[in-house]
Amino acid sequence: MMCSPPTFLIRRVAPCHNCQKRRRFVVTDAVWYGATYTCCACGDSWTEGERHPRPFRKGWRKEAIARARKKWAEAGPYNRDAHRAWVRAQVEDLSLVLVPKDVKVTEAGQ
Ligand SMILES: [Zn+2]
């Protein structure tokens, strides 16, 4: 059961390995998969330090940049309380998956 969006958008300014300078990044936080950083200037993305593969397709960079800038606009100023509430909601969703209320947890071998 999903009660909250699976990702949370955050604005960050950080050095971009591709651009070789500080850039605006939209961070797509996903509790169980790690945060993905996408550069708003070059469109490259990284998750846990690994750059995502670049699509073998003309125009992908222009599209990736447009998507990143749209998400940057949607993210708005960082709200720590909203982010924490979102993380809590994600954790609660997982606890429902792991131990549903109607399932009785018993010792192994019983
Ligand atoms: Zn960049």
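This is a predicted model: local features need pLDDT of at least 70, side-chain atom pairs count only at pLDDT 80 or more; totals for chains, interfaces and linings use all residues.
Val 13 sits across from Arg 24 of β2.

Numbering starts from 1 along each chain as its sequence is written.

## The rest of the sheet

Moving on, β2 and β3 are antiparallel too, with 4 bridges joining them. Here Val 27 has Tyr 37 of β3 as its bridge partner. This hairpin has 6 residues between its strands, and Gly 34 takes a positive phi near 85 degrees.

Tyr 37 also stands opposite Trp 46 in β4. The strands involved, β3 (residues 36-39) and β4 (residues 45-47), pair in the antiparallel sense over 3 bridges. Put together, 5 strands make an open, antiparallel sheet in the order β1-β2-β3-β4-β5. β1 (8-16) and β5 (50-51) are at the edges with a single partner strand each, so one side of each has no neighbour in the sheet.

## Where the helix comes in

Helix α1 (residues 60-75) packs on the sheet and touches β1, β2 (21-29) and β3. Its direction makes about 120 degrees with that of β1; axes are lines fitted to C-alpha atoms, for helices over the stretch in contact, and angles run from 0 to 180 degrees between N-to-C directions.

Along the protein chain from the N terminus, the elements go β-β-β-β-β-α-α, giving 2 helices and 5 strands. Helices (H or I, at least four residues) and strands (E, at least two) are DSSP runs, numbered from the N terminus.

## Core and contacts

The largest nonpolar core has 8 residues: Cys 16, Phe 25, Val 26, Tyr 37, Cys 39, Cys 40, Ala 64 and Ala 68. Such a core is a set of buried Ala, Val, Leu, Ile, Met, Phe, Trp, Tyr and Cys residues joined through C-beta atoms within 7 Å. β2, β3 and α1 are the elements giving two or more residues to this core.

Buried residues (20 or more other C-beta atoms within 10 Å of their own, with C-beta atoms placed from the backbone) account for 14% of the 110 residues in the protein chain. Leaving out residues up to four places away in sequence, Cys 16 touches Lys 21, Arg 23, Cys 39, Ala 41 and Cys 42; contact means C-beta atoms, placed from the backbone, within 7 Å.

Methods
Two strands pair if DSSP finds at least two bridges between them. Two residues are in contact if their C-beta atoms, placed from the backbone, lie within 7 Å. A residue is buried if 20 or more other C-beta atoms lie within 10 Å of its own, exposed if 12 or fewer, and partly exposed in between; C-beta atoms are placed from the backbone.
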